[in-house]
Amino acid sequence: MNDTTLLLQKCFSCCNDGTIAVWDLHNQQLVQQLAGHSDGASCIDISPDGLKLWTGSLDTTVRCWDLREGRQIQQHDFNSQIFSLGYSPSGDWLAVGMESSNVEVLHVSGPEKYQLHLHESCVLSLKFAHSGKWFTTTGKDNLINTCVTPHGAPIVQLSESSSVLSCDISADDSFIVTGSGDKKATVYEVVF
C-alpha cells in the first residue's frame, strides 16, 4: 500500500487542547496525536501529495507536519490567532486567515510574503482554487474575496447578508460554495 492509499484511510481533526487527532477510518480508531500547539487547533489542510499536514491554532502559530514520520517540520509565528488556512496545490504558497482580519500569503520555502487586508473582521475560511491561480476568503464581515495567488490582487468581492462561515471550490474551479450564519448555502459560478 502506498502513502496516498494510507492517507485516504485517515481522518484528521483539530482539538481544543491544541493536538491534531489522526483517525483510522477503516478501524474507527485513534491512531496518532500530533502535539505542538499550546492552544486550540482551529484549521487544517493537507498537501496535494498527501505527505504534509498544515495546522493553524489560536496560539498564533501555523505548523507543518510530516505525516510519514508524525513530526513537526516547520513553524511560522504570527501576531494574531489563526482561524483559517489553505495550502496551494502548487505546493509553493500557504495563505493564513487571522482573527485580526488580515490574510498573509507566504512562500513555504523562501522569504517571499504578502500581507493582505481583505476583511474588516476575522477571516473565517480560506480555500485555494485547484489550479492554484487564485484563492477565496470569507469573513465575519459578510464578505467573500477572490484574489490572485500569491500577491492578492482582487478579482471579485461579494457580500452576503450574514457572516460567511465557510467556503469550498469545485474540482474544476467553476463554482464557489459558501455557508453563512443565516443558515443558507450559496453557489457562485466562476466566470473570470
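**Notebook: sheet, ring pairs and cores**

I started with S6 and S7, which pair in the antiparallel sense over six bridges. For me, two strands pair if DSSP finds at least two bridges between them. Strands (E, at least two residues) are DSSP runs, numbered from the N terminus.

Ground rules before going on. This is a predicted model, so to speak of local features I need pLDDT of at least 70, and side-chain atom pairs count only at pLDDT 80 or more, while totals for chains, interfaces and linings use all residues. Residues are numbered from 1 along each chain as its sequence is written, and side-chain values use heavy atoms, with hydrogens and water left out.

**Sheet**

Strand S5 (residues 52-57) runs antiparallel to strand S6 (residues 61-66), and five bridges join them. Leu 53 stands opposite Trp 65 in S6.

Then I noted the whole sheet: it is open, has four strands in the order S4-S5-S6-S7, and its pairing is antiparallel. Strand S4 (41-46) and strand S7 (71-77) are the edge strands, each pairing on one side only.

**Aromatic pairs**

How many aromatic pairs does a search of the whole structure find? I got three. I counted rings of Phe, Tyr and Trp (its six-membered ring) with centres within 6.5 Å; planes under 30 degrees apart are stacked, over 60 edge-to-face and the rest tilted.

Trp 93 and Tyr 114 make a tilted pair, 6.1 Å centre to centre with 50 degrees between the planes. Trp 93 lies in strand S9 (residues 93-98) and Tyr 114 in strand S11 (residues 113-117), so this pair ties together parts that are 21 residues apart in sequence.

Buried or exposed? I use under 20% relative accessible area for buried, over 50% for exposed and partly exposed in between (1.4 Å probe, protein chains only). Trp 93 is buried at 9%, and Tyr 114 is partly exposed at 23%.

**Cores**

A nonpolar core is a set of buried Ala, Val, Leu, Ile, Met, Phe, Trp, Tyr and Cys residues joined through side-chain atoms within 4.5 Å. The largest has 13 residues, and Phe 78 is among those that touch the most other members. S6, strand S8 (82-87) and S9 each give two or more residues to this core.

I also found another core apart from it, of eleven residues, including Trp 93 and Phe 135.
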